[in-house]
Amino acid sequence: MSQGWGQESVDKETSLYIEQLKNDDDWRKRSQAASALGEIGSETAIPALITALKTEQDEVVRLRASFALIKIGSPAIPSLIETLQHENVSARYSATFALSQMGFVVRASCSLLIPNLTRY
């Protein structure tokens with residue numbers, strides 16, 4: 001029973017950090033939220049972290065989001081691959097960085113990575 005309560009606590013904490021990442025005006029707090037989401041490692045944070053890669057103006061926050069996705073690991077790979085197609089070059093570079101740090105740069109992924117990095 002306590003395990004369920006512990007998970008409820010993690011879910012609540014994850015939700016608070018996601019909200020902070022999305023809506024806080026202070027880049028330092030958004031950055032800290034991204035890092036905390038990586039430490040928690042919850043897959044529910046993946047969409048918010050990917051959104052940060054795509055829309056965040058502050059590069060420190062984007063970098064922290066990248067590291068968080070790296071910590072979350074393989075569940076983030078499909079979303080990162082999808083981000084390789086995004087119009088924002090910073091998002092594509094961040095996704096490429098995260099995938100490479102996860103050891104994902106293999107022959108199959110190179111066909112996705114190279115054209116999307118040189119698109120703009």
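**Exercise 1.** Work out whether Arg 28 is buried, partly exposed or exposed, and do likewise for its salt-bridge partner.

*Solution.* 
- Step 1: Keep in mind that this is a predicted model. Arg 28 has a relative accessible area of 47%.
- Step 2: Buried needs under 20% and exposed needs over 50%, so Arg 28 lands in the partly exposed class.
- Step 3: The partner is Asp 26, with 3.4 Å from N to O between the two side chains.
- Step 4: Asp 26 comes out at 22% relative accessibility, so Asp 26 is partly exposed too.

**Exercise 2.** Find the salt-bridge partner of Arg 30, and say which parts of the chain the pair ties together.

*Solution.* 
- Step 1: Arg 30 belongs to helix H2 (residues 27-40), while Glu 56 is in the loop between helix H3 (46-55) and helix H4 (59-72).
- Step 2: The two parts are 26 residues apart in sequence, so this pair links a helix to a loop.
- Step 3: Check the burial. Arg 30 has 12% relative accessibility and counts as buried; Glu 56, at 11%, is buried as well.

**Exercise 3.** Which parts does the salt bridge between Lys 71 and Glu 39 tie together, and are these two residues buried or exposed?

*Solution.* 
- Step 1: Start with the distance: the side chains of Lys 71 and Glu 39 meet at 2.1 Å, N to O.
- Step 2: Lys 71 lies in helix H4 and Glu 39 in helix H2, so the bridge joins parts 32 residues apart in sequence.
- Step 3: Both Lys 71 and Glu 39 are exposed.
- Step 4: Tally up. The structure holds 3 salt bridges.

**Exercise 4.** Now zoom out and describe the whole protein: how many helices and strands are there, and what share of the residues is buried?

*Solution.* 
- Step 1: Count the elements: 7 helices and 0 strands, which reads along the sequence as α-α-α-α-α-α-α.
- Step 2: Of the 120 residues, 37% are buried.
- Step 3: Turn to contacts with a separation of 6 or more: 62% of them come from residues 24 or more positions apart.
- Step 4: Finish with the surface. The accessible area is about 7,100 Å², and carbon and sulfur atoms hold 53% of that.

Note on methods
Residues are numbered from 1 along each chain as its sequence is written. This is a predicted model: local features need pLDDT of at least 70, side-chain atom pairs count only at pLDDT 80 or more; totals for chains, interfaces and linings use all residues. Side-chain values use heavy atoms; hydrogens and water are left out. A salt bridge is a side-chain nitrogen of Lys or Arg within 4 Å of a carboxyl oxygen of Asp or Glu. Buried means under 20% relative accessible area, exposed over 50%, partly exposed in between (1.4 Å probe, protein chains only). Helices (H or I, at least four residues) and strands (E, at least two) are DSSP runs, numbered from the N terminus. Contact means heavy atoms within 4.5 Å. Accessible areas come from the Shrake-Rupley method with a 1.4 Å probe; for residues, only the protein chains shown count as cover.
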